[in-house]
Amino acid sequence: MDMEGSPQVTRRTTRSCAVSSNDVESTKPSESYKPTLNDLAFGKQPFGLEDLLSRFPCRRTQILEFLRLLGPLNSPLFPVLVYGGPSTGKTSVTLQVFRHLNRPFIYSSCVTCYSPRILFESMLNQLLFHRKDSKHSYSSVKRCERPSDFVNYLREALENVISSLKGNSGKSNSKMSGRPDGTMVYLVFDNLECVRYWDKSSTILPFLFNLYDILKMPEVGLIFISNISPDMYYLNIGYVEPIPLYFLNYTEDDLRHIFMVNQTNRKLYASFLDVVLRPFCRVTRRVDELAAALSSLFKKYCEPLSDKEVAPNEEMKRKLFSQIRPHISSALNETFQVRSQPLLGAEANKTKKTNSSKMSGILEDFDKIDFHMSTSAKYLLISAFLASRNPATLDASLFDSTGVSDSRKRKRKASEKSMDQKEMAEQELHMKGPGTFPLERLLAIFQCITSLAEDSLDEEESRELTTEGSSRGLMSDVLLQLSSLCNANFIIKGGSCPLEGSTRYRTAVSEDLALKVARSLKFPLSKYLYRR
Amino acid sequence: MIINLSSLNLIIELRKSVFSISNYTLQLVKSYIFLRGFSQSQPTRPMGREKEKEKPSEEALNLLRSRLSDPNFIFRPLSDSPDSNYSKLKFIISTSVTEACNNSILLLGPRGSGKVAVLELVLSDLLLQYPEAISVIRLNGLLHSDDNCALKEIARQLCMEHQLLFSKVASFDDNSLFVIAMLRECGLAHKTIIFVLDEFDFFAQGKQRLLYSLLDAMQSVNSQAVVIGVSCRLDVDQLLEKRVRSRFSHRKLLFLSPSKEETERLMEHILSLPVDSSIPHNYAAEFNGRLKKIFSDERFKELINTYLSYNFTIGHLVRFLFQAVSYMDLDVRFLSHENFKTALSSNQRQPKLECIRDCSILELYMLVCMKRLEVKEQNSYNFYSVMTEYKSIHDSSQTSDNYAANVCLRAFEHLLQRQLISFIDNKGHNQSVEFRPVKLLISSAELHQGLKSYHQCPAILLRLMDR
């Protein structure tokens with residue numbers, strides 16, 4: 001805005017900084033929110049038991065058991081371990097139970113708090129009502145790295161919170177919203193299984209399990225949430241186990257119940273589930289994966305229907321079933337795929353091909369890669385794949401300077417012994433995985449391939465490529481592409497070779513993906529693959 | 001560092017008035033114990049929301065739960081007899097206080113047998129008895145096994161007890177000088193410092209500098225200290241170095257689990273409601289009557305025996321009773337046999353079978369393929385080997401469950417997440433998931449049992465397992 005009129009600044013300033021310094025009527029930075037005691041409660045309006053049970057349709061027994069273990073107000077609690085498979089509702093049930101009971105709690109997840117220091121500081125921040133903001137340069141209220149410091153600070157903070165809670169409960173019994181009930185504070189540790197992979201797991205995990213005994217405060221309740229069963233936590237040092245609470249995975253009927261919630265056209269969706277749920281349940285029973293897979297299939301199911309609100313009768317159900325049936329098996333094979341193209345684009349494509357059968361349409365999607373890559377990145381990917389798959393000694397013959405690939409094969413009758421040997425060799429290949437290669441080999445193969453590609457293109461196009469830059473100009477691009485491919489996990493940086501000391505790389509793409517990429521470049525990959 | 005040295009001077013000044021300071025701490029301690037006892041013996045009345053009187057069953061529930069979480073209440077009746085560990089410990093500590101000598105003792109026993117609880121009982125009684133002559137320093141091996149940490153914590157607790165300023169940036173040497181000086185001063189003032197070292201085996205790791213310096217400081221004429229080590233390892237004195245062990249008096253107190261009669265008496269004592277408290281008399285009497293009936297039932301005796309046969313410490317028993325009490329149905333208003341049974345079954349879990357029941361059919365296929373690979377004596381296998389086996393199963397018997405490789409890979413990753421299989425080594429991070437060798441974490445018997453109890457398990461899987 002005022003860039004042209006700004007005075008000559010001697011030191012480098014960013015554009016926004018220069019603008020704001022000239023701005024006379026700069027808005028004051030808004031007052032950052034100061035958390036108080038009421039923030040320890042869930043924050044929204046608490047609800048009754050029936051509401052809670054209806055939010056989680058198939059979790060009645062677990063919720064009731066959890067409520068019984070937590071007990072009435074101000075009643076002390078032994079540590080509780082809530083465990084079960086992923087996406088079974090453990091975290092959400094815990095949080096909603098605390099909302100229902102309106103009791104103060106603090107929550108920290110061992111996924112976001114990925115080291116002991118962050119975990120300790122996050123809990124202290126919540127207990128000391130400190131919010132990280134720009135005024136204090138986003139620092140925590142106390143620096144705390146060791147468990148000994150953490151216990152001291154925690155004890156202090158908890159005593160403060162509990163005394164203010166006791167003061168609150170002694171005051172008038174106004175049912176003001178937001179004020180938490182009771183004098184107990186609950187500490188919720190989520191994703192406890194991540195602690196096992198920390199460096200200091202041998203000290204932190206026993207510390208967390210023994211925290212209840214160390215603190216010796218009856219007003220504190222500990223709740224651990226974990227994805228794996230408690231027997232995987234057995235440590236060298238023992239601990240009195242927390243009370244287990246198991247959230248089992250949903251059965252097929254439970255899943256049907258869950259998916260029927262909040263559906264506008266229940267009969268239609270019920271008929272859809274009748275067809276689809278059983279085969280998909282054989283693959284996975286996790287709610288999140290099924291929801292993603294079923295939602296796209298439901299759109300396909302409803303396609304021939306002009307009126308989406310109609311309740312289908314038997315004949316319509318049969319017709320819809322026969323229409324969706326060929327899609328089910330292919331959809332099963334893409335159950336876990338996340339589509340990166342927007343669905344609108346795909347639908348627009350489909351309406352164009354009215355006459356071609358739907359099956360070939362799906363096959364076309366299979367052949368295409370659904371992410372964008374630059375041409376040089378694609379060539380680099382193919383070269384990496386070839387370098388990992390082929391032994392180094394073959395490079396000379398495969399990538400002949402004349403561009404003639406070795407097509408001579410000595411035809412020999414395959415004896416049984418050689419077949420067995422071939423099988424063993426293939427098994428070994430599978431066991432070892434793709435081989436490693438140094439950077440120089442990768443670049444050599446890359447140059448051979450791109451020179452071949454240049455030769456095989458039209459004159460016009462080849463002129464375009466050469467005007468972009470000589471191969472020397474392409475070199476710096478290539479190295480940049482290589483590092484981005486490494487970051488995207490297409491190429492893995494392996495250990496260094498013991499003799500030379502340079503790093504070696506390894507490809508991480510499957511043959512399918514490499515073939516797809518090669519097909520998009522019209523590159524004959526199979527000619528270069530070494531097959532024993 | 002400067003603060004600590006100046007507080008040292010302060011101590012010398014205050015040596016004459018040390019009795020007045022310790023009087024003050026005594027008042028604090030007394031009021032603290034009083035308040036704690038008060039808050040735990042009375043059932044808490046929730047203020048605010050409920051205007052009407054609490055139902056007697058809720059009061060009873062609150063009372064029982066708070067009793068079960070209070071180790072003082074639980075271990076007090078066990079400590080009445082003269083040859084219990086409580087009396088022995090009390091005798092040892094009180095003699096060393098009165099006769100102004102040094103002592104060291106180890107409390108050993110499995111986890112949950114009440115070592116720290118009995119120790120706290122002893123200490124609270126002694127603090128009442130000799131108010132100005134004892135100060136307690138508590139360390140925990142899990143937190144303070146590092147020498148720097150431990151000395152800092154000792155200095156901090158000493159400062160807190162004597163109202164001195166503690167500086168967080170004091171160095172290790174300053175802290176150790178301070179501690180030694182404090183030991184000397186307290187000895188001259190005839191005040192015993194009791195060091196409680198919880199998780200003693202952690203202090204015995206490494207160079208044992210802290211133990212040596214503590215025990216060495218005790219050897220001087222002026223000091224008056226008692227070192228109490230608490231540990232679950234019964235052989236922890238074998239872990240001590242020679243020089244540490246020579247300075248250690250080999251007194252050990254073993255905490256064993258109580259006999260069956262004692263256990264039954266303890267359970268009755270904990271779960272019976274008091275007849276003269278705020279709970280209505282007839283309700284309490286009926287509650288206790290029903291409780292006696294449950295206890296004398298044969299099924300209950302069997303149940304308790306089953307539980308105690310593998311969880312034999314009082315800590316475990318208390319946890320079991322806590323679960324049973326919390327399952328009490330407030331509509332029924334009394335404890336029933338069902339509560340105990342539910343508590344027992346929630347403790348008798350079979351996690352691997354539960355995992356299998358949670359798996360989908362494709363994941364079961366993966367597990368069965370791995371089992372077959374193991375049977376064929378292929379010791380190391382990865383995802384691709386499993387896929388070849390899977391494809392061969394499909395080729396030989398046309399199953400309806402033939403899925404593409406990417407779907408199977410996700411099922412494989414689910415199994416990894418649930419820890420039914422795991423990678424053989426953690427070092428292969430430069431290989432993708434499909435190539436790293438894996439191993440099964442579930443035995444074939446468990447897998448077999450899981451498949452049999454699986455709802456609608458495909459028959460082919462059972463057949464493959466049987467072969």
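The model is predicted, so local features need pLDDT of at least 70 and side-chain atom pairs count only at pLDDT 80 or more, while totals for chains, interfaces and linings use all residues. Residues are numbered from 1 along each chain as its sequence is written, chains are lettered from A and ligands numbered from 1 in the order in which they are written, and side-chain values use heavy atoms, with hydrogens and water left out.

Let's begin with chain A. Of its 532 residues, 44% count as buried. Buried means under 20% relative accessible area, exposed means over 50%, and partly exposed lies in between (1.4 Å probe, protein chains only). Chain A exposes about 29900 Å², and carbon and sulfur atoms supply 51% of that area. Accessible areas come from the Shrake-Rupley method with a 1.4 Å probe, and for residues only the protein chains shown count as cover.

Of the 467 residues in chain B, 54% count as buried. Chain B exposes about 21700 Å², with 55% supplied by carbon and sulfur atoms. Among contacts in chain B between residues at least 6 apart in sequence, 72% join residues at least 24 apart. For chain A, the figure for that kind of contact is 74%.

Next, find helix α5 of chain A, residues 116–127. Its twelve residues reach 17 Å from the first C-alpha to the last, close to the 16 Å expected at 1.5 Å a residue. That expected span is 1.5 Å times one less than the number of residues. Helix α5(A) is mostly covered, with nine of its twelve residues buried; among them are A:Leu119, A:Phe120, A:Met123 and A:Leu124. The cover over these buried residues includes β2 (105–109), α6 (147–170), β3 (185–190) and α7 (201–209) of chain A. After α5(A) comes A:Phe129, whose phi is positive, near 55°.

Another helix to look for is α18 of chain B, residues 351–358. Seven of its eight residues are buried, so α18(B) is largely enclosed by the rest of the structure. Those buried residues include B:Pro351, B:Lys352, B:Leu353 and B:Asp358. Part of their cover comes from chain A, namely β1 (80–84) and β5 (243–247), and the cover also includes α19 and α22 (444–452) of chain B.

Helix α19 takes us to a pair of helices. In chain B, α19 (residues 361–375) and α21 (residues 405–417) pack at an angle of about 80°, with their axes 9 Å apart. Axes are lines fitted to C-alpha atoms, for helices over the stretch in contact, and angles run from 0 to 180 degrees between N-to-C directions. Angles under 35 degrees count as roughly parallel, over 145 as roughly antiparallel, 65 to 115 as roughly perpendicular and the rest as oblique. The two helices α19(B) and α21(B) are therefore roughly perpendicular to each other. Where they meet, α19(B) contributes residues including B:Leu362, B:Glu363 and B:Met366, while α21(B) contributes residues including B:Val407, B:Phe412 and B:His414. By class, this contact has nine nonpolar, one polar and one charged residues.

Finally, let's zoom in on single residues. B:Ile314 lies in helix α16 (residues 314–326) of chain B and is buried, with a relative accessible area of 5%. B:Ile314 touches several residues, including B:Phe75; the C-alpha atoms of these two are separated by 9.1 Å, although they are 239 residues apart along the chain. B:Leu240 sits in the loop between β4 (225–231) and α12 (242–246) of chain B, and is buried at 3% relative accessible area. Among the residues that B:Leu240 touches are B:Phe200, B:Leu211 and B:Phe248.

A:Lys216 lies between α8 (211–215) and β4 (220–226) of chain A and counts as partly exposed at 40% relative accessibility. B:Arg333 is found between α16 and α17 (337–347) of chain B and is partly exposed, with a relative accessible area of 35%.

Methods:
Helices (H or I, at least four residues) and strands (E, at least two) are DSSP runs, numbered from the N terminus. Contact means heavy atoms within 4.5 Å. Ala, Val, Leu, Ile, Met, Phe, Trp, Tyr, Cys and Pro count as nonpolar, Asp, Glu, Lys and Arg as charged, and the others, Gly among them, as polar. Lists of a residue's contacts leave out its neighbours within four places in sequence.
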